[in-house]
There are 2 protein chains.
Amino acid sequence: MSFRHGLRLLYSQLSLFSRELNRPWCRYVSNSLALSSEKRASDFNSFVARTNTCGELHSAHVGQEVTLCGWIQYQRQGLFLVLRDFQGLTQIIIPQDEAHSHVKKVLYDAPVESVVRVTGTVTSRPPGQKNPRMPTGDIEVKVKTAEVLNSCKKLPFEIKDFIKKSEALRMQYRYLDLRSFQMQHNLRLRSQMVMKMREYLCNLHGFVDVETPTLFKRTPGGAKEFVVPSREPGRFYCLPQSPQQFKQLLMVGGLDRYFQVARCYRDEGSKPDRQPEFTQIDIEMSFVDQAGIQRLIEDLLQYSWPNERGPITTPFPSMSYAEALAEYGTDKPDTRFGMKIIDISDVLRSVEIGFVQNAVNKPQGTVKAICIPQGARHLQNKDFESLKESAKSQFNQEVLHLIMKPYESLKSPLSKFLSEEQQSELIQALKVQADDVVLLVAGEHEKVCLVLGNMRLESANLLESRGLVLRDPTAFHFLWVVDFPLFLHKEENPAELESAHHPFTAPHPSDTSLLYSEPAKVRSQHYDLVLNGSEIGGGSIRIHNAEQQRFVLETVLKEDPELLSHLLEALKCGAPPHGGIALGLDRLICLVAGAPSIRDVIAFPKSFKGRDLMSNAPDYITPEELEPYHIQVAWPAAAAEANKN
Amino acid sequence: MSFRHGLRLLYSQLSLFSRELNRPWCRYVSNSLALSSEKRASDFNSFVARTNTCGELHSAHVGQEVTLCGWIQYQRQGLFLVLRDFQGLTQIIIPQDEAHSHVKKVLYDAPVESVVRVTGTVTSRPPGQKNPRMPTGDIEVKVKTAEVLNSCKKLPFEIKDFIKKSEALRMQYRYLDLRSFQMQHNLRLRSQMVMKMREYLCNLHGFVDVETPTLFKRTPGGAKEFVVPSREPGRFYCLPQSPQQFKQLLMVGGLDRYFQVARCYRDEGSKPDRQPEFTQIDIEMSFVDQAGIQRLIEDLLQYSWPNERGPITTPFPSMSYAEALAEYGTDKPDTRFGMKIIDISDVLRSVEIGFVQNAVNKPQGTVKAICIPQGARHLQNKDFESLKESAKSQFNQEVLHLIMKPYESLKSPLSKFLSEEQQSELIQALKVQADDVVLLVAGEHEKVCLVLGNMRLESANLLESRGLVLRDPTAFHFLWVVDFPLFLHKEENPAELESAHHPFTAPHPSDTSLLYSEPAKVRSQHYDLVLNGSEIGGGSIRIHNAEQQRFVLETVLKEDPELLSHLLEALKCGAPPHGGIALGLDRLICLVAGAPSIRDVIAFPKSFKGRDLMSNAPDYITPEELEPYHIQVAWPAAAAEANKN
């Protein structure tokens, strides 16, 4: 029985936070993720008035006089109360004798969630009243003096109901939400995992933690950058999306190995589970290749991984972008479960069905399928209809579903066009068993893959909503995705190319010559790190040759190289070969903590509309306050009208 | 002979960076500040192509085949070259035999500052050619293969002249400036000292590293906050000057002990040695008092202090604001030297001199002086005139100077008004000796102190410019300044009060009742940490009582409490007593490194006008790019005119 587990049980016993403990992710979190540095030698009682925290007293302390500070979690008829702090709960016995009537009155009158300091003696709980499931369950503290340090007003809701309230309410009263077990846990987990990463990088491998500016200039194509007006008329800083240019310039400056836990900014308007400011573990090294960065990151994660999440195995598997697309229909495959995409073009090539022939006879034409194991048992016709509807609305693509009957034949309008041999070939290719369901799509390769990748995840969601577990929440499947294309055709104008990631990415060594002839075919030295189907990091080997960088900017991307003249100039001045990576810290911690949203691993997150619901930021400010910045609000007509009235 | 010292000597031998090494601070820095974590177990060669750095080979490596990557520091007639990386320099012997003619050509042709990789064998230097003052001075590397990884163009200036160039040029080519010994050293020192602080706080004392938002809302009186337009018309975020509100809310949220290496923003327009973004070590604790925070900071600095800077002694001395003003004429006394202010009102009270009588008869009226030891020897009449002129122009205050003659009498127009006894009393009070100079000021107490505090520093500057050392650059004098006033009279309207620091500062426990009767007389629980005359930190115990906070905001400061309604609400919900501090990291590292400017401990600083001279930020952006933010530039008439043409 660990401390954390005990704490959870105690919370549970007290019927507080009961709802949150029933949520699957929380049950999972509470599975005793003991916090490693707490286990070591941290002194939580240095420099303060208490002698102990509310989580650490046990039978060895019996007889000691202690002073505790904390919040009243629960108080019962002036007999006892439960005192809470960040580390746990302690049962406090209120004296009933006349000599201590003042103490009794103070504690009896103090509302729940008031802050008190008590001094008393640690005593053994009477026989039969010990609670072995609670770290402090052997003892109680017989209080002698008590002081209310701050009284709590009647809260707008009871703490125990708090989690049931809307997320908006949690955000508005974030300082109360932070008192919850899971927020305390998540923020401490985050702090400690980052600390381990720093030890690894800084102490073990000689990385230099360098702070780079956040007041910078607009980068080419930086449409998502917040602007910050300066006192020089018409001139603006921008808040950068990453320290990309700076970390490369540090390599030119000979820093050799750089890292930073970097605040980054991206103005994406309203997007769920995105934050306008976010944090990345930002890394850059000189004289390194792709494999070097990959080994570093594997080692780093292994070193900083919480013990309680089980060991992780390195090296992580690797997959090319082309494979990921072909097998999983995405560049971030969740490899915790199967249902891979299978190409059945060869099986169906000779079958005289219009839509199949239409597909296979076109360039890049193909027929592919995924198999939902036992789909016929768990899913109903309306599920298949909803899957098809989704493919239609999102991709404008038809999907056919086939059900494998117990007697080894396929139930589908398609079946009648298939010979027995073809049916059997199909069954073999798809490894279909009785009650499996096949989703089949014909069309152009990339689109077919994307549709089936989507169907795969939606089917998994459906199956899990019926109680099956496809994606083990305690499993961590890391995956490198590599060999991305260097450029993509622009959606709005396919004749033009844009960077698949950013313009500093180096071409794949095997494809360098193609850069000057067929840039669209060039693979890059970009790599993504995927965990359980989420992209948690990405990086690349960078271009270190000024001429190549200028060619990419000017000739391939048609960008104005003037905006990056400082970088081009730097590359001419003895820039070492270099590469790096950035890990999305919020997402990574979210996955490690098993939290449902990145907002649960950020102390003061913004709402999905980018608002701070506690302080009501962003807020109106006066024209006078804008004057020093030489800007004025350009009110949209409607707003201006409303403003007048 | 330490590594660092050896490196400096080698740089010096090579006639590079010669100017910087002659600057006093650099001589001081180079005094072997070995970097502790480098001394430990850092593996600088993990994950990369080299086998060793250019700073680590010595006689024990003789016979080994090694691969080094670095910059060509110097190359001589195709015979040898010196290769440099972040860790040091290694001498490379270029093969002269025909079989290696290609290697010779590659290295001979490569311009200085090009990046090369060489592989070769470590050999002992021939007898007589060893350099005991250089860490790698016993060996050289006989190269077998060489590759130019990136060629360096002809630089706009030679690296050896670089430091002589203007600071503007250093900023424009910051990536070259970063290759200098002192920038490499300062950035690594900063990284390592911060890492030690993190270990202390996070691992040893259970602090939680919490990231707080930088997109926040305007704080009352936040005139120096940058604004960031949002996509909601008329609504702006602000970049906060510190995480003050968030760290207090974290305490309300039960986090107990918080720290963050926090990026902060302050728009002060053009100010020398200030940066629009800066970093503070931000700390907050619950259930702590002033002494607790002070002990924590002393311990923290002692733990993270570089060994090579000598031990620091704790506890630091402490002085009230009133004492600091009276003795040093400032709230940040440089206690490395004397020349304290001495009150001579009592000596002169009965002397019939108009300006003295004028002063002593007024409330707060006083006559004070400082004594410049041996001033008559080192300073000339024009120096005294310039000191007086400075007092006149800055403070509109007359200063009288008296010179102590060798025969124990004062040379001054004042002397004739003094009886022999009075002269002797004065000499005794001021402890004047022959050739000392006394600067005497009469007037209102605070002003007199400020003037003399200023004269004290200006005199010290003058004396040091004549070669005397008053302020030992290797000494570190820490000082707590405490018992500040809680409020100050506003300069523009002395009938109104403003916070001396910020509105969350708690009153001194002895003065709490005064808050409601005579707020101007209340001392605060604010404390400043001063090092060698620079303020390097400040903090306070905060108000945790909602009613008291509202009284301060509404009644004393006449601020609209609505802007802080979230904080007032939080204080009602069981806020623990709490307090904290912030250390100015840039300034602290600057003092520890002995650098002349904080720009020398920041990788990419802004100019004093807030510009990034490398990338030319802030920069113009198009009206289209401002559209999503519903703002437009309000061109000043002149700028608009210029823009038209």
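Gln96(A) is partly exposed, with a relative accessible area of 41% (partly exposed lies between buried, under 20% relative accessible area, and exposed, over 50%; 1.4 Å probe, protein chains only). The model is predicted: local features need pLDDT of at least 70, side-chain atom pairs count only at pLDDT 80 or more, and totals for chains, interfaces and linings use all residues. Residues are numbered from 1 along each chain as its sequence is written, chains are lettered from A and ligands numbered from 1 in the order in which they are written, and side-chain values use heavy atoms, with hydrogens and water left out.

**Around Gln96(A)**

- Gln96(A) sits in the loop between β3 (88-93) and α5 (101-109) of chain A. Helices (H or I, at least four residues) and strands (E, at least two) are DSSP runs, numbered from the N terminus.
- Beyond its neighbours within four places in sequence, Gln96(A) is in contact with Gly78(A), Leu79(A) and Lys104(A) (contact means heavy atoms within 4.5 Å).
- Gly78(A) is 18 residues from Gln96(A) along the chain, and their C-alpha atoms are separated by 8.3 Å.
- The side chains of Gln96(A) and Lys104(A) make a polar contact at 2.6 Å. A polar contact is a pair of N or O atoms within 3.5 Å; within protein, one must be able to donate a hydrogen and the other to accept it, and residues adjacent in sequence count only if both atoms are side-chain atoms.
- A polar atom of the Gln96(A) side chain also lies 2.9 Å from the backbone oxygen of Ile94(A).

**Around Asn131(A)**

- Asn131(A) belongs to the loop between β4 (115-124) and β5 (139-150) of chain A.
- Asn131(A) is buried, at a relative accessible area of 11%.
- A polar atom of its side chain lies 2.9 Å from the backbone nitrogen of Arg133(A).

**Covered elements of chain A**

- Strand β20 (residues 526-531) has six of its six residues buried.
- On one side of β20(A) are His526(A), Asp528(A) and Val530(A); on the other are Tyr527(A), Leu529(A) and Leu531(A).
- Strand β17 (residues 478-482) pairs antiparallel with β20(A) over five bridges (strands pair if DSSP finds at least two bridges between them). Here Leu479(A) has Val530(A) as its bridge partner.
- Strand β21 (residues 534-541) runs antiparallel to β20(A), joined by six bridges. Tyr527(A) stands opposite Gly539(A).
- β20(A) and β21(A) form a hairpin with two residues between them, and Asn532(A) in the turn has a positive phi of about 50°.
- Helix α22 (residues 585-593) has eight of its nine residues buried. Among them are Leu585(A), Asp586(A) and Cys590(A).

**Interface of chains A and B**

- The contact takes 132 residues from chain B and 132 residues from chain A.
- The two chains bury about 11700 Å² between them, 58% of it on carbon and sulfur atoms. Buried area is the accessible area (1.4 Å probe) that two parts lose on being put together, summed over both.
- There are 18 salt bridges between the chains (a side-chain nitrogen of Lys or Arg within 4 Å of a carboxyl oxygen of Asp or Glu). One of them joins Asp619(B) to Lys217(A), with the closest N and O atoms 3.5 Å apart.
- Helix α9 (residues 181-204) of chain B gives the largest share of that chain's side, twelve residues.
- Strand β23 (residues 619-620) of chain A pairs antiparallel with strand β8 (residues 235-238) of chain B over two bridges. Tyr620(A) has Arg235(B) as its bridge partner.
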